[in-house]
Amino acid sequence: MEDIWCVAAAVFQVWMFVVVFFIMLPAMFGLSLGVTGVYIQILVKILEWATLRIQRGRQEQPGVPVPLPSGIIERAGGSMEEEMEQLRSSRSMEGAEFDLSDAFYFCKKGLESIVDDQVTQRFSSEELASWNLLTRTNQNFRYISLRLTVIWGLGVFVRYCVLFPLRIALAIIGLSWLVVGTTLVGFLPESSGKNWLSELVHLTCYRICARGLSATVHYHNKENKPQKGGICVANHTTPIDVVILANDGCYAMVGQIHGGLMGVIQRSMVRSCPHVWFERSEMKDRHAVTSRLRAHVAAKTKLPILIFPEGTCINNTSVMMFKKGSFEIGGIIYPVAIKYDPRFGDAFWNSGKYNMVSYLLRMMTSWAIVVNVWYLPPMTIQDGEDAAQFANRVKSAIARRGGLLDLAWDGGLKRGKVKDSFKEEQQKMYSSIIAGQNNISCPKTSSESPEEQ
């Protein structure tokens, strides 16, 4: 029995030595030993082989289910005015007048939205082109071949018995270091030295947590990184977005005050760094929120504010409407585009389906987190441009850079109903057509909408 305990102690000592000296210390100094890169390269080779094997298996076994395409409707591009003009020209109509057949346009759009709604599907997991050897993304792995099943079994062992305990340990170490480090720094008097130590503690914590997710982050155009006194805005896929961005620089977080463990972390963080936390009652007061954020931005020595203007998580395929409040504060906006590689794991947090604990467990048992981050050139509001137009311009720039679909709809549709203003906008656009006012500039909206269902 003593021999067993000696072996277990020796294994634990070796494991802790690997965690501390080969993962934690390099992460604290922002160094990489290249192990994660080699691991990702091996994964790519395995997934490519699995893709070819699945394709061959479908040819050999016609009964193997084939995944449905992500889009089953070919939609016509263009605005309502352009499509209406095409329909009217095909009917040889002259002049602007009401025609009963115009109803077919709205029937067509309504049916498209019912069959394949491009808005609500942004709140479900992204479709994969091929299976990534995770059971949660394909229940039909057993139909392919014995070799593929063996590879899948080995993957389960590696993810749950090797990577998962390692990631849990690193997450606990990182969060503990954040709470203890920021609390100790908080006792120091206000000075440049305190600010430097606070940034060091935050960076160290987030880098350890990023290693705990086997995160491989590719940062592009670092010369455009957010500067102090500015506002960093980014598209939002997961709560891990904060870890990904803070792994390369410090930010002042904005959010609601929570209880429990999250509340402990928030209270310790704010002792050393001027994060902006709001009470639940304050979050409903737009003027109070705006004034506090404006005061933070006015102090050019404070860290840039990190804001996700969508207000909810979108599934890594699109960017939805940016709330204009973030763009009414003033100051310089630093847009950031974030795009995850879905082959290694689904980073999207479907808050309606998984709570935070379940989501983090799924992330820690995925293959890895591989993500590209693009820092875009800073932007300011232009003459004659209001906050909503500025928000749309920033959103479009992020969507183009990240290769994401630019949607005009509010992410609040995830939990709420369509606003009457959206319906009225469609009605006004059609009214301008039949009234002969086609030259009036109307804002372009998505060609499919939930209210058309």
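This is a predicted model: local features need pLDDT of at least 70, side-chain atom pairs count only at pLDDT 80 or more; totals for chains, interfaces and linings use all residues.
Residues are numbered from 1 along each chain as its sequence is written, and side-chain values use heavy atoms, with hydrogens and water left out.

Threonine 238 sits in the loop between strand 2 (231–234) and helix 7 (241–246); helices (H or I, at least four residues) and strands (E, at least two) are DSSP runs, numbered from the N terminus. A polar atom of the threonine 238 side chain also lies 3.5 Å from the backbone oxygen of alanine 347. With a relative accessibility of 0%, threonine 238 counts as buried, where buried means under 20% relative accessible area, exposed over 50% and partly exposed in between (1.4 Å probe, protein chains only). Neighbours within four places in sequence aside, threonine 238 is in contact with Cys313, Tyr340, Ala347 and Tyr359, contact meaning heavy atoms within 4.5 Å.

Histidine 236 is found in that loop between strand 2 and helix 7 as well. A polar atom of its side chain lies 3.5 Å from the backbone oxygen of threonine 238. Histidine 236 is buried, at 13% relative accessible area. Residues up to four places away not counted, histidine 236 touches Asp241, Phe308, Glu310, Thr312, Cys313 and Ile314. Of these, Glu310 is 74 residues from histidine 236 along the chain, yet their C-alpha atoms are separated by 6.8 Å.

Seven strands form an open sheet in the order 1-8-7-2-5-3-4, with mixed pairing; two strands pair if DSSP finds at least two bridges between them. Strand 1 (215–220) and strand 4 (276–278) are the edge strands, each pairing on one side only. From one strand to the next, the twist averages 25°, based on axes that are lines fitted to C-alpha atoms (for helices over the stretch in contact), with angles running from 0 to 180 degrees between N-to-C directions. Strands of a sheet pair through backbone hydrogen bonds, either parallel or antiparallel.

Strand 2 and strand 5 (residues 305–307) pair in the parallel sense over three bridges, and valine 233 stands opposite isoleucine 307. Strand 3 (residues 252–256) runs parallel to strand 5, joined by two bridges, with methionine 253 opposite leucine 306. Strand 3 is also parallel to strand 4, this time through three bridges, and glutamine 256 has phenylalanine 278 of strand 4 as its bridge partner.

Histidine 275 belongs to the loop between helix 8 (260–272) and strand 4. It counts as buried because its relative accessibility is 5%. The histidine 275 side chain reaches the backbone nitrogen of methionine 253 at 2.9 Å. Beyond residues up to four places away, histidine 275 touches His202, Tyr251, Ala252, Met253, Met269 and Val270.

On to helix 12 (residues 387–402): its 16 residues should span 22 Å at 1.5 Å a residue, and the end C-alpha atoms are 23 Å apart, which agrees; the expected span is 1.5 Å times one less than the number of residues. At the start of helix 12, a side-chain oxygen of aspartate 386 comes within 3.3 Å of the backbone nitrogen of alanine 388. Buried residues of helix 12 include Phe390, Val394 and Ile398. The buried residues of this helix pack against strand 2, strand 6 (318–319), strand 7 (333–340), strand 8 (369–375) and strand 9 (405–406). Glycine 403, with a positive phi near 65°, follows helix 12.

Helix 5 (residues 146–186) has 41 residues and reaches 57 Å from first C-alpha to last, close to the expected 60 Å. It kinks by about 40° at leucine 163, shortly before proline 165; the bend is the angle between axes fitted to the seven residues ending there and the seven starting there.

Overall, the chain comes to 13 helices and nine strands, and buried residues make up 44% of its 453 residues.

How values were computed
A polar contact is a pair of N or O atoms within 3.5 Å; within protein, one must be able to donate a hydrogen and the other to accept it, and residues adjacent in sequence count only if both atoms are side-chain atoms.
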